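Student: Hi! Could you walk me through a structure today? I'd like to ask things as I go.

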Amino acid sequence: MERLKVGIIGCGMIFDLNILGYLDNDDVEIICLCDRRQRRIKEKITKFNINPDIKIYKDYKDMLDSENIDILEILLPHNLHCDVTLYAAKRKIKGISVQKPMATTISECDKMIKSCKDNNVKLKIFENFTFYPPILRAKQLLKEGIIGELNSFHIKTIEASSGGWNIPKSTLNWRLAPDSCGGGLECGSPFIFDDGYHKFWLALHLIDEKIEKVFAWVDRYNNLDIPAYMMWKYRSPKGSNLNMPHYGTLEFNFSPEMLLPSPYYACDEFISIIGSKGIMWINQATSGGNIMSKSEVFPAIVIFRDGKIETISDMERDWKYGFINSTKHFIEVIKNDGIPLLTGEEGKYCTQFALAALKSSMAGKEICPDEITE
Ligand SMILES: NC(=O)c1ccc[n+]([C@@H]2O[C@H](COP(=O)([O-])OP(=O)(O)OC[C@H]3O[C@@H](n4cnc5c(N)ncnc54)[C@H](O)[C@@H]3O)[C@@H](O)[C@H]2O)c1
């Protein structure tokens with residue numbers, strides 16, 4: 001079978017992880033790269049030993065008009081996701097993978113979903129935590145009922161000040177601008193609308209229920225949207241024998257004096273899920289594989305049930321595997337006419353959840369994600 005032709009728009013920070021699933025992969029061939037900063041493209045070609053003869057472009061329209069691409073990766077600031085997807089969808093591309101959050105408004109999400117449907121393009125919202133090995137294992141165990149019916153979800157995010165990647169100013173600046181980041185706050189939203197998307201998604205994905213209402217406090221520290229505390233009630237559980245109401249909470253904390261050694265961002269996540277028969281803890285994601293993962297104190301997964309404790313760590317813990325697995329999954333979807341994870345509809349609902357939380361923090365009242373339609 002002919003190799004699938006891949007084009008990538010945006011050669012910034014996250015390129016370094018999104019590229020990994022395409023390297024040394026016989027199913028695909030990277031044929032073109034685009035970034036308005038040409039220097040960045042050249043740096044990536046050298047860094048990842050990409051064929052130096054591939055086509056490079058400054059303008060994404062030129063690239064999409066000239067190349068026959070099967071899979072397009074969009075790794076751009078949030079406000080560009082919709083326009084680029086709409087332009088690409090009309091150009092006979094088989095699959096478009098757009099980094100999270102899929103767009104800054106719900107009307108943009110709707111346009112992207114419709115245009116991809118009308119043009120028979122598979123739209124994937126790239127969310128890598130779903131494919132991170134400890135999360136894959138946890139999801140499977142929860143589905144098998146290891147802790148019974150799930151009734152409470154908690155995720156704690158800790159942002160430290162040092163120990164991870166050096167982030168260029170240009171990568172941070174567009175996140176601090178309300179128009180390019182989205183989310184509706186006057187300070188942009190590098191934490192809640194951007195990074196928070198993963199956490200909102202895990203709350204949906206691991207519990208597998210939609211949200212009735214959310215309430216949030218999003219504070220400011222040095223003009224950043226942190227610390228933030230949120231809580232929500234899930235809709236009445238489907239097929240429940242216990243009829244117990246289900247709740248979730250999310251914390252974003254910032255430790256401006258903490259060193260958090262990480263191969264990527266100096267940030268990490270800790271999840272706990274309570275079920276009718278037990279408790280599951282998932283230790284770490286973004287900084288997985290670091291010194292904490294090597295200690296006995298932080299097994300990847302801990303389960304308490306029937307009065308006993310079980311720990312599970314026999315899996316890859318480096319966060320990059322979430323990216324690699326996600327890309328490989330999409331390649332299979334394109335080869336075998338499968339269903340992307342996340343679909344456009346899932347990506348849209350997660351955006352509604354995130355925007356509802358942000359709106360709640362501004363309005364000081366509970367909001368139902370279904371109310372967010374613009
Ligand atoms: N999944 C994750 O964990 C994760 C982590 C970081 C970023 N992201 C997402 O990835 C996307 C990109 O983030 P990033 O951190 O790589 O940002 P970045 O600023 O480092 O990279 C964006 C790149 O796009 C280029 N660019 C901007 N406008 C352009 C245009 N009109 N045409 C061509 N190129 C243009 C910039 O020059 C830059 O190189 C965002 O959606 C972000 O939310 C996801």
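Student: Let's jump in: is Asn120 buried or exposed, and why?
Tutor: Good place to begin! This is a predicted model, and in it Asn120 counts as exposed because it has 10 C-beta neighbours inside 10 Å. The cut-off for exposed is 12 or fewer.

Student: Where is Asn120 in the chain's layout?
Tutor: Asn120 is in the loop between helix 5 and strand 6 (122–126). Its phi is positive, about 60°, although Asn120 is not a glycine.

Student: Why would you point that out?
Tutor: Because most residues other than glycine have a negative phi.

Student: OK, what about Asp306, buried or exposed?
Tutor: Asp306 counts as exposed, since it has 8 C-beta neighbours inside 10 Å. Asp306 also has a positive phi, about 55°, without being a glycine. Look for Asp306 in the loop between strand 13 (301–305) and strand 14 (308–312).

Student: New topic: which residues does the cis peptide bond with omega about -20° join?
Tutor: That bond joins Lys100 and Pro101. Pro101 sits in the loop between strand 5 (95–99) and helix 5 (106–118). The bond from Ile226 to Pro227 is cis as well, with omega near 0°, and Pro227 is in the loop between strand 8 (211–218) and strand 9 (228–234).

Student: And the ligand, which residues come nearest?
Tutor: Of the 23 residues around the ligand, those are Gly12, Met13, Ile14, Gln99 and Thr171. The shell has ten nonpolar, seven polar and six charged residues.

Student: Where does the ligand lie relative to the domains?
Tutor: The ligand lies between domain 1 (4–128 + 322–341) and domain 2 (130–316), because both give residues to the shell around the ligand.

Definitions and conventions:
Residues are numbered from 1 along each chain as its sequence is written. This is a predicted model: local features need pLDDT of at least 70, side-chain atom pairs count only at pLDDT 80 or more; totals for chains, interfaces and linings use all residues. A residue is near a molecule or strand if its C-beta atom, placed from the backbone, lies within 6 Å of it. Ala, Val, Leu, Ile, Met, Phe, Trp, Tyr, Cys and Pro count as nonpolar, Asp, Glu, Lys and Arg as charged, and the others, Gly among them, as polar. Domain bounds come from an automatic or database domain assignment. Helices (H or I, at least four residues) and strands (E, at least two) are DSSP runs, numbered from the N terminus. A residue is buried if 20 or more other C-beta atoms lie within 10 Å of its own, exposed if 12 or fewer, and partly exposed in between; C-beta atoms are placed from the backbone.
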